[in-house]
Structure formats: structure tokens, C-alpha cells
Amino acid sequence: MTAVRILLCDDHAVVRAGLLALLGSEPDIEVVGEAGSGEEAVAMAAKLEPDVVLMDLQLGAGIDGVAATRRIASPRVHVLVLTTYDTDADITRAIEAGATGYLLKAERPEELFAAIRAAAVGRTALSAPVASRVMDRMRGTGSPTLTERERDILGQLGRGLGNREIARALFISEATVKTHLGRIYAKLGVDTRAGAVAVAKEQRLLP
């Protein structure tokens with residue numbers, strides 16, 4: 001039986017060492033390389049042509065996991081995201097970039113092994129919470145309900161305005177803007193302005 005060839009990409013050496021030890025217990029999985037940055041992963045994937053790249057999303061300085069996935073993913077090399085981040089925006093960006101699967105680091109080892117084997121043959125592999133979010137969106141049940149004021153602020157975010165400019169445009173205080181932003185982030189399942197805009201565009205919440 002031919003082993004599944006794996007390239008690890010995580011900016012934490014301790015995490016890579018743990019994955020290396022874990023994957024080493026499976027006779028049909030072989031780690032052929034380790035990358036500590038997105039740029040390194042892109043270069044190593046081109047050189048080694050692994051079956052699967054295990055990709056973290058947050059990689060410190062340089063390009064992130066999504067950008068690296070976009071450059072690496074191909075019919076020959078599959079990218080399986082392995083991360084702690086499970087916001088709608090992160091999932092959407094990774095899948096749109098070409099990721100074959102999206103797994104959370106909290107998964108049991110057996111789930112990781114199964115996901116790697118599935119990804120190696122091009123089958124989608126999703127953690128249960130991620131699959132649930134994707135299904136909700138496909139059914140149209142995942143769209144959040146925003147107040148009129150929250151929609152106004154989201155629209156200003158989409159135009160690239162900062163908190164001070166939004167406050168001036170809507171004749172409210174900067175503190176009020178921050179309060180509404182916190183609620184918007186919670187409803188959209190994101191923690192950044194860019195994430196909020198990405199989800200809003202995807203769910204057609206922007207005017």
C-alpha cells in the first residue's frame with residue numbers, strides 16, 4: 001500500500017513536532033516535509049509534490065494559510081486546513097481558496113487520520129461543527145438578523161470607513177459604533193473588520 005505523503009505547515013515548531021509524532025504512528029501516512037511559513041509551504045509543495053498539505057491558517061509574518069492554499073491547491077496536491085479557527089469567514093475563505101477539507105485541532109487523532117486519507121483522494125473532509133455551519137448556510141438558515149443600525153454600520157464598513165468616520169457619517173458617538181461592531185462580529189461569527197465584510201458580501205448583507 002502506497003503511503004499518503006504529507007507536508008506540514010504550521011508556524012509553531014512544537015505543533016509540528018506533535019503532528020510529526022502523531023502521524024508517525026500510522027503506517028500509511030508519511031511526512032515528507034515541514035514548513036514554518038506560507039512562503040515556505042508554497043516552495044516545498046512545488047518541490048516535493050505531496051499528496052496532502054496540512055495547513056494552519058494563521059502563520060505569523062508573511063502570507064497566511066488561505067493565500068498559501070490558493071497557490072498550492074491543485075488536482076494533484078490537496079490542502080487540508082488544520083486550525084483552531086472556525087468562524088464562517090475563515091471557513092469560506094479557505095474553501096474558496098481551494099482547500100479540500102477543513103479540520104479543527106480539537107479533533108481526535110482518528111478523525112485527523114481519516115480526513116487525511118479522504119483528502120488524499122480528493123474527498124471533502126470537514127469537522128462536524130464546520131459541516132454544520134456549511135449545511136446551515138446552504139439551507140439558508142445561517143444568515144444572521146441584523147438591526148437597521150447594524151446594517152448601516154456594516155454598509156459603512158464595506159466602504160472602508162474607520163470608526164471615527166462611521167460615527168460622523170451616522171451622527172452617533174464612536175463608543176456607540178464600537179458597541180454595534182461587537183454585536184455585528186458576534187452575529188456574523190467573526191472577530192475582525194475584514195471578516196465581517198467578507199461574510200456580509202457572501203451573505204449579501206451589504207447594500
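Visitor: Which residues does Ser 37 touch, not counting those up to four places away in sequence?
Guide: In this predicted model, Ser 37 touches Cys 9 and Leu 59 once such neighbours are left out, where contact means heavy atoms within 4.5 Å.

Visitor: And where is the place of Ser 37?
Guide: Ser 37 lies in the loop that runs between strand S2 (29–35) and helix H2 (38–48), helices (H or I, at least four residues) and strands (E, at least two) being DSSP runs numbered from the N terminus.

Visitor: Does Ser 37 count as buried or exposed?
Guide: Ser 37 counts as buried because its relative accessibility is 19%, the cut-off for buried being under 20% relative accessible area with a 1.4 Å probe and protein chains only.

Visitor: What can I rely on in these values?
Guide: Local features need pLDDT of at least 70, side-chain atom pairs count only at pLDDT 80 or more, and totals for chains, interfaces and linings use all residues. Residues are numbered from 1 along each chain as its sequence is written, and side-chain values use heavy atoms, with hydrogens and water left out.

Visitor: Switching to helices, at roughly what angle do H1 and H5 cross?
Guide: The axes of H1 (residues 13–23) and H5 (residues 109–120), lines fitted to C-alpha atoms over the stretch in contact, cross at roughly 80° and come within 11 Å. The two helices are therefore roughly perpendicular to each other, a word kept for angles of 65 to 115 degrees.

Visitor: Which residues make that contact?
Guide: H1 contributes Leu 19, Leu 22 and Leu 23, while H5 contributes Pro 109, Leu 112, Phe 113 and Ile 116.

Note on methods: Axes are lines fitted to C-alpha atoms, for helices over the stretch in contact, and angles run from 0 to 180 degrees between N-to-C directions. Angles under 35 degrees count as roughly parallel, over 145 as roughly antiparallel, 65 to 115 as roughly perpendicular and the rest as oblique. Buried means under 20% relative accessible area, exposed over 50%, partly exposed in between (1.4 Å probe, protein chains only).
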